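Work through the exercises below with the sequence and the 3D view at hand. Try each task before reading its solution.

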Amino acid sequence: MIKSRLYNFFVDPKYRIWRHILFILAFAIISYRQITYIFRDNIATITDYRPFLVSITLMVYLSTLYVNIYYLVPRFLLGQRYRIYLAGFFFIIFIQIAYLIGMEHIVRTLFEMPYKITSYTPLVFIQLIPTSTINMMCILGISATVLFKHQILENERMKKIEEEYIQSQLNRLKEQISPTFLSNILNRTSELTKTDSKKASDMLIRLGQLLRYQLYDCNRDRVLLSAEINFIKNYLDLEQIYCNQFEYEFTFENNIKELLLPPLLLIPFIQNAANRTESIEKHVCLRLSLKRIENSLFFSCQSTNKALLSEVQLFAVKQRLNLMYPGNYILSMVEGKTELQLNCITE
């Protein structure tokens with residue numbers, strides 16, 4: 001909770017004014033302490049003028065602070081031009097020290113107070129650097145805060161881009177049903193309407209169920225395995241109606257129906273094993289099985305049609321598996337047989 005509030009304070013735009021108020025208060029305290037320290041030997045003499053001196057000092061500090069925030073940091077520090085940024089940073093410190101020396105000299109002259117600096121040489125600036133340590137730390141701290149905020153926002157932007165890319169990849173990979181298959185089914189249905197209207201009607205009903213599943217259910221990240229099984233069975237029934245040389249056997253355990261699975265994850269293997277049956281002279285038999293062992297789901301697809309996935313298809317399948325089950329799957333493919341093990345499945 002504390003981490004979240006601190007994160008929001010540094011990053012959320014609605015807290016911007018509070019961040020600036022914090023900066024102003026911090027430098028107001030620093031200005032007050034420095035004026036008190038510089039004139040500690042005659043503090044009673046300038047008591048009435050101390051608020052004015054503190055205000056002028058605060059204005060100088062805030063001016064250099066915002067030059068750092070809105071010019072040096074975005075232009076040089078975030079631009080990774082570190083040498084130029086450091087040069088600008090030390091120039092700001094030089095201006096602050098020069099102001100303190102000049103202001104002290106003018107005030108002591110006006111009030112006829114004894115001078116603490118007897119000779120104005122470059123050595124004086126070096127001697128006064130320790131008195132500006134707090135200022136340096138505050139400015140560097142604010143620069144680090146701006147850099148930290150920029151890094152967080154950049155990481156969030158990259159994460160959003162990555163999530164959008166992954167989602168677009170998943171949406172593309174969901175479109176696994178071959179357009180050729182749909183075209184063939186529609187053509188076959190058109191032919192059957194003239195000779196076997198009942199069979200044609202059955203094909204249209206199953207095709208409608210396929211398209212409804214693909215258009216609506218596939219918009220989810222996960223679907224019930226029972227819905228995926230029904231989709232596969234409708235697909236294979238259509239394939240069987242389309243080609244008399246094709247038959248299939250699908251076995252699965254009842255205890256897997258409530259499992260959640262990414263939609264159309266298994267269809268590439270099935271589609272590849274069942275496709276082009278009309279161009280194969282011999283009979284094609286497809287055997288599918290799904291079973292669960294503890295938190296793992298085992299899928300097997302064996303076909304007398306020994307066609308293998310193309311490199312492009314296999315790359316797409318592995319890409320989706322890597323996105324959905326990174327390090328939690330085992331895929332084995334040989335001619336005519338595919339075995340897939342998914343670990344860490346959910347209900």
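Predicted model: local features only at pLDDT ≥ 70, side-chain atom pairs only at ≥ 80, totals over all residues.

Residues are numbered from 1 along each chain as its sequence is written, and side-chain values use heavy atoms, with hydrogens and water left out.

**Exercise 1.** Describe how helix 9 and helix 10 pack.

Solution. Helices (H or I, at least four residues) and strands (E, at least two) are DSSP runs, numbered from the N terminus. Axes are lines fitted to C-alpha atoms, for helices over the stretch in contact, and angles run from 0 to 180 degrees between N-to-C directions.

- Step 1: Helix 9 covers residues 225-242 and helix 10 covers residues 267-274; their axes come within 11 Å and cross at roughly 10 degrees.
- Step 2: Angles under 35 degrees count as roughly parallel, over 145 as roughly antiparallel, 65 to 115 as roughly perpendicular and the rest as oblique. Helix 9 and helix 10 are therefore roughly parallel.
- Step 3: Contact means heavy atoms within 4.5 Å. On the helix 9 side F231, I232, Y235, L236 and E239 take part, and they meet I267, I270, Q271 and A274 of helix 10.

**Exercise 2.** Classify the angle between helix 2 and helix 3.

Solution. 

- Step 1: Helix 2 (residues 16-38) and helix 3 (residues 50-77) have axes 8 Å apart and pack at an angle of about 135 degrees.
- Step 2: That angle makes helix 2 oblique to helix 3.
- Step 3: Among the residues of helix 2 in this contact are F23 and F27, and those of helix 3 include L58 and L62.

**Exercise 3.** Which residues have the most contacts inside the largest nonpolar core?

Solution. A nonpolar core is a set of buried Ala, Val, Leu, Ile, Met, Phe, Trp, Tyr and Cys residues joined through side-chain atoms within 4.5 Å.

- Step 1: The largest core has 48 residues, and L236, I270, L286 and L342 have the most contacts inside it.
- Step 2: Helix 9 gives the most to this core, eight residues.
- Step 3: Leaving aside residues up to four places away in sequence, L236 touches F246, Y248, I270, A274, L286 and L288.
- Step 4: A second, separate core of 34 residues includes V54 and I69.

**Exercise 4.** Is L264 buried or exposed?

Solution. Buried means under 20% relative accessible area, exposed over 50%, partly exposed in between (1.4 Å probe, protein chains only).

- Step 1: L264 lies in the loop between strand 3 (260-261) and helix 10.
- Step 2: L264 counts as buried because its relative accessibility is 0%.
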